[in-house]
Amino acid sequence: MLLAFSSVADWVTHIGHADANFSLVELSILFLLILIETGAIVAGFIPGDALVMTAAGFAGRHHSFTEFVILVIIFAVASAIGDSINYWLGAWIVKQVDKIPWVKKHVNDDLSEKIAENLNPKRWRLFIIMGRFIPYVRTVVPLSAHRLNLPFKTYFQMSAEASALWSLSMVTIGYFFGHLTLPKGVLPAIIVGGFIIAVFTLRSKRFRQAVLRLIMKPSQEKEEK
């Protein structure tokens with residue numbers, strides 16, 4: 001995963017060193033990376049959040065508000081489309097390959113089971129928004145929505161809201177840092193550092209329990225085994 005992050009970060013850093021704004025081809029590649037990261041279920045090796053902030057950081061360095069708006073739009077649209085793909089195809093794909101241990105590990109099957117059994121139906125919007133921001137929840141949100149028969153129209157509306165909020169937040173953070181006068185290499189280092197901290201936080205059992213308590217039925221708020 002770290003190797004994939006390094007490769008993607010190196011590519012974004014390379015295109016970001018150019019004085020000109022992102023080209024149409026580069027924007028298209030960024031769109032496809034987020035689409036794949038969101039819609040491919042087992043493509044968690046693509047560091048979506050860090051990729052978005054890194055690209056936004058270089059947009060800030062270009063001092064182009066137009067580029068800021070474009071990045072917000074393409075990342076939000078890519079995320080919403082990817083979640084829709086997962087809603088319709090994710091459950092079927094997982095069912096076909098759930099006997100493969102590597103796949104089961106990367107689609108969080110145990111977490112999906114727990115959420116499916118205990119999800120508070122009043123917390124759908126919160127669940128979907130959190131899933132957009134929290135990687136380990138992200139892959140099970142569309143699968144759970146499909147499994148629990150949340151109407152696609154309702155799911156898509158909430159997913160679009162979550163995707164827009166996520167894209168705006170990540171791009172704004174990256175764009176802000178891009179405007180700062182930092183020594184060469186500091187911006188990627190900050191993002192890598194934040195990524196590492198996030199990984200350790202997500203691996204914390206206490207953090208996962210706190211997240212699950214927010215979306216579980218009051219009578220079903222059990223500690224994570």
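A salt bridge is a side-chain nitrogen of Lys or Arg lying within 4 Å of a carboxyl oxygen of Asp or Glu. Side chains of opposite charge can pair when their charged atoms come close. Let's look for such pairs here.

The model above is predicted, so local features need pLDDT of at least 70 and side-chain atom pairs count only at pLDDT 80 or more, while totals for chains, interfaces and linings use all residues. Residues are numbered from 1 along each chain as its sequence is written, and side-chain values use heavy atoms, with hydrogens and water left out.

A search of the whole structure turns up 3 salt bridges. Start with glutamate 161 and arginine 125, whose side chains meet at 3.0 Å, N to O. Glutamate 161 sits in helix α10 (residues 152-179) and arginine 125 in helix α7, so this pair ties together parts 36 residues apart in sequence. Helices here are DSSP runs (H or I, at least four residues), numbered from the N terminus. Glutamate 161 is partly exposed at 38% relative accessibility, and arginine 125 is partly exposed at 40%. (Buried means under 20% relative accessible area, exposed over 50%, and partly exposed in between, with a 1.4 Å probe and protein chains only.)

Now find arginine 132, which is buried with a relative accessible area of 2%. Arginine 132 bridges to glutamate 37, with the closest N and O atoms 3.9 Å apart. Because arginine 132 lies in helix α7 (residues 124-133) and glutamate 37 in helix α2 (residues 24-39), the pair joins parts 95 residues apart in sequence. Aspartate 83 also forms a salt bridge with arginine 132, at 3.6 Å between the closest N and O atoms. Together, Glu37, Asp83 and Arg132 are linked in a network of salt bridges.

Methods:
Helix = DSSP H or I, 4+ residues; strand = E, 2+ residues; numbered from the N terminus.
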